[in-house]
Amino acid sequence: MLIGEVARRSGVSARMLRHYESLGLVRPSGRTGSGYREYSGEDIQRIFHVESLRAMGLSLREIGRALDDPGFTPSALVDDLIRRTRERIAVETELLTRLRRVHATDPAGWEDVLHVVALLGALRSKSADARQRAALASVDEVPVEALVEAALGEGDPNVAGALRWALARSGGGGPALLAEGLGSPVAAVRERAVRSLAEMPGGEATALLRNALASPDAVVRGYAALALGTRGGPDAVPALADLVVAGTNDTEAADALSLLAGDDAAADRIAAELVERLARDTTGASARGRLAQALAGVPGAGSSRALQKLLHDEDRAVALTAAYLLQLRDMG
């Protein structure tokens with residue numbers, strides 16, 4: 001079979017067949033009387049072998065080794081192909097993500113495209129200053145998906161604050177994306193997600209924070225409770241009391257409890273929650289002192305009765321704290 005017929009039947013161009021021949025990959029086994037290349041059935045089968053290996057991603061040099069080296073074992077090469085393919089997919093996926101984010105901004109011209117690309121690049125910069133500037137300039141200019149990704153991965157506190165500020169002023173979609181971060185196996189990502197949600201307005205963010213009160217992560221529960229406390233969420237009271245006991249953001253937690261005690265019924269419920277913590281055997285003296293201080297910020301008879309009982313606490317420091325707080329309450 002002559003080269004033109006082989007090209008038609010195999011789909012491999014005559015030019016590529018000559019290139020294969022120059023590399024020694026395919027060697028026509030015969031010549032016609034006029035000197036034209038003539039391919040046998042085995043030659044054509046080898047052409048299909050070359051094409052099959054090319055489709056797997058092998059280079060022409062690797063194909064030559066695979067077909068001609070009797071001692072060649074494919075396992076190592078296939079492992080390498082898998083690794084290279086994964087790397088290529090990762091690069092292409094990143095490019096696709098970047099293109100989608102540019103498209104989401106609905107650019108009017110190439111100047112807008114270049115501006116968005118520059119901001120996206122700055123959010124991934126190694127310079128914290130550059131990332132912070134990009135975050136502060138990103139409202140309405142960068143898709144919320146990119147802001148969430150940056151916020152969940154940001155370790156610098158100043159840049160993280162700027163990203164939370166940008167997210168709080170971004171369009172819709174942010175809370176749902178941050179909710180995925182709450183389920184991350186990485187503790188730092190979960191914390192960044194809940195802190196970002198805590199600064200986002202709206203009912204969707206509030207509902208997600210309420211769900212976060214059931215998180216097995218104490219840090220997530222704590223930030224959710226503090227945010228809900230400022231939003232008037234009474235279901236945050238137990239988690240806020242836990243913060244007071246633990247001594248983690250206990251001052252902020254006590255302030256939130258005071259805000260939630262806006263009427264007599266709410267004040268009595270909060271006082272009962274704090275008293276219940278005082279009754280636990282596992283509560284140490286320092287925690288009891290913090291609970292007493294938290295009670296002082298809760299109005300009503302329930303908190304006063306609890307402070308009166310603490311006057312006789314076996315820990316003198318706790319008793320003195322209760323006496324001082326009652327004195328301040330009487331003066332008020």
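Predicted model: local features only at pLDDT ≥ 70, side-chain atom pairs only at ≥ 80, totals over all residues.

**Entry 1: α10 and α12**

A crossing is right-handed if the near helix is turned clockwise from the far one by less than a right angle, and left-handed if anticlockwise. Helices here are DSSP runs (H or I, at least four residues), strands are E runs of at least two, and both are numbered from the N terminus. Helix α10 covers residues 174-182, and its axis lies 10 Å from that of α12, at an angle of about 15 degrees. That makes α10 roughly parallel to α12. Axes are lines fitted to C-alpha atoms, for helices over the stretch in contact, and angles run from 0 to 180 degrees between N-to-C directions. Under 35 degrees counts as roughly parallel, over 145 as roughly antiparallel, 65 to 115 as roughly perpendicular, and the rest as oblique.

I then listed the contact (heavy atoms within 4.5 Å). Pro175, Ala176, Ala179 and Leu182 of α10 meet Glu204, Ala205, Leu208 and Ala212 of α12. By class I noted 7 nonpolar, no polar and 1 charged residues. Ala, Val, Leu, Ile, Met, Phe, Trp, Tyr, Cys and Pro count as nonpolar, Asp, Glu, Lys and Arg as charged, and the others, Gly among them, as polar.

Residues are numbered from 1 along each chain as its sequence is written, and side-chain values use heavy atoms, leaving out hydrogens and water. I looked up the mean pLDDT (the predictor's confidence in each residue, from 0 to 100). For the chain the mean is 87, and 97% of residues reach 70 or more. Confidence is lowest in helix α5 (residues 74-104), at a mean of 77, and highest in α11, at 97.

**Entry 2: α11 and its partners**

The axes of α11 (residues 187-198) and α12 (residues 203-212) come within 9 Å and cross at roughly 140 degrees. That makes α11 oblique to α12. The crossing is left-handed. Val194, Leu197 and Ala198 of α11 touch Ala205, Leu208 and Leu209 of α12.

Next I checked α8 (residues 144-153), whose axis comes within 8 Å of that of α11 and crosses at roughly 125 degrees. α8 and α11 are therefore oblique to each other. Ala151, Leu152 and Gly153 in α8 meet Val189, Arg192, Ala193 and Ser196 in α11. These divide into 4 nonpolar, 2 polar and 1 charged.
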